[in-house]
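Me: I'd like to go through this model with you. Can we start with the terms and then move on to the sheet?
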Amino acid sequence: MNLRIGVLGSTNGTSLQPIIDAIETKQLQANIVVVISNKHDSGILNKAIKHLIPYKYVNPIQENGKKKNRENFDHEVTNILQEHNVELVIMIGYMRIVSKLFTDTWKNKCLNVHPSLLPEFAKGMDMDVHSAVLQSGKKVTGCTVHYVTEELDGGPILCQEKCDVNTDDTAESLKKKVQTLEGKALIFSINTIQLSTNN
């Protein structure tokens, strides 16, 4: 049975493409059944459109112009995931902190990919993480796929992929290096979950 995956993202979703490719070439026994974003113009939604994957934009702003509270927003997202019978949720560049309601609902069924070797540089996002790695003088960085729990970036780790930090690296070049690892780490993690589900 193919694993039904729902993806949450706010940015370009670069790491989504390797997963799509792995599904199309039968390396992964999975289907991406919905992509959800809190940004109507995000690149990750464009990828969904290009590959004919169902997608939804969930507006974080209410009709009165005020922000939706975290629980209400997460409830909307969960409803969409459940409507699509999602079995595993993957966060790829999802620039939102989720509520306890969400982490409880999707306990052991939600993964995030973080652009560092956790627990190093936890709670940072995107370029801030890569800049912090460079400022720290670390010689090695990478990415981490972990289960999403109430503790931000603190859930059990499934997979880490590493790369060297070179003296001429910038935050931008480091981001590109780490992004190439993210797809690999996510595919490994999905395969691991798929195997454990089937056994």
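Reply: Two strands pair if DSSP finds at least two bridges between them. Helices (H or I, at least four residues) and strands (E, at least two) are DSSP runs, numbered from the N terminus.

Me: And what is the source of the coordinates?
Reply: This is a predicted model, where local features need pLDDT of at least 70, side-chain atom pairs count only at pLDDT 80 or more, and totals for chains, interfaces and linings use all residues. Residues are numbered from 1 along each chain as its sequence is written, and side-chain values use heavy atoms, with hydrogens and water left out.

Me: How many bridges join strand 2 to strand 3?
Reply: There are 3, and the two strands run parallel. Ile36 has Lys56 in strand 3 as its bridge partner.

Me: Now helix 2. Which of its residues are buried?
Reply: In helix 2 (residues 43-50), these are Gly43, Ile44, Leu45, Lys47 and Ala48. Buried means under 20% relative accessible area, exposed over 50%, partly exposed in between (1.4 Å probe, protein chains only).

Me: What do they pack against?
Reply: Strand 1 (3-9), helix 1 (16-24), strand 2 (30-37) and strand 3 (55-57). Contact means heavy atoms within 4.5 Å. After helix 2 comes Leu52, with a positive phi near 60°.

Me: Switching to His130: buried or exposed?
Reply: His130 counts as buried because its relative accessibility is 2%. His130 lies in helix 5 (residues 126-136). Neighbours within four places in sequence aside, His130 contacts Pro115, Ala171, Leu174, Lys175 and Val178.

Me: How many aromatic pairs does a search of the whole structure find?
Reply: The search finds 1. Phe102 and Trp106 form a tilted pair, 6.4 Å centre to centre with 40° between the planes. Rings of Phe, Tyr and Trp (its six-membered ring) pair if their centres lie within 6.5 Å; planes under 30 degrees apart count as stacked, over 60 as edge-to-face and the rest as tilted.

Me: Are those two buried or exposed?
Reply: Phe102 is buried, at 1% relative accessible area, and Trp106 counts as buried at 5% relative accessibility.
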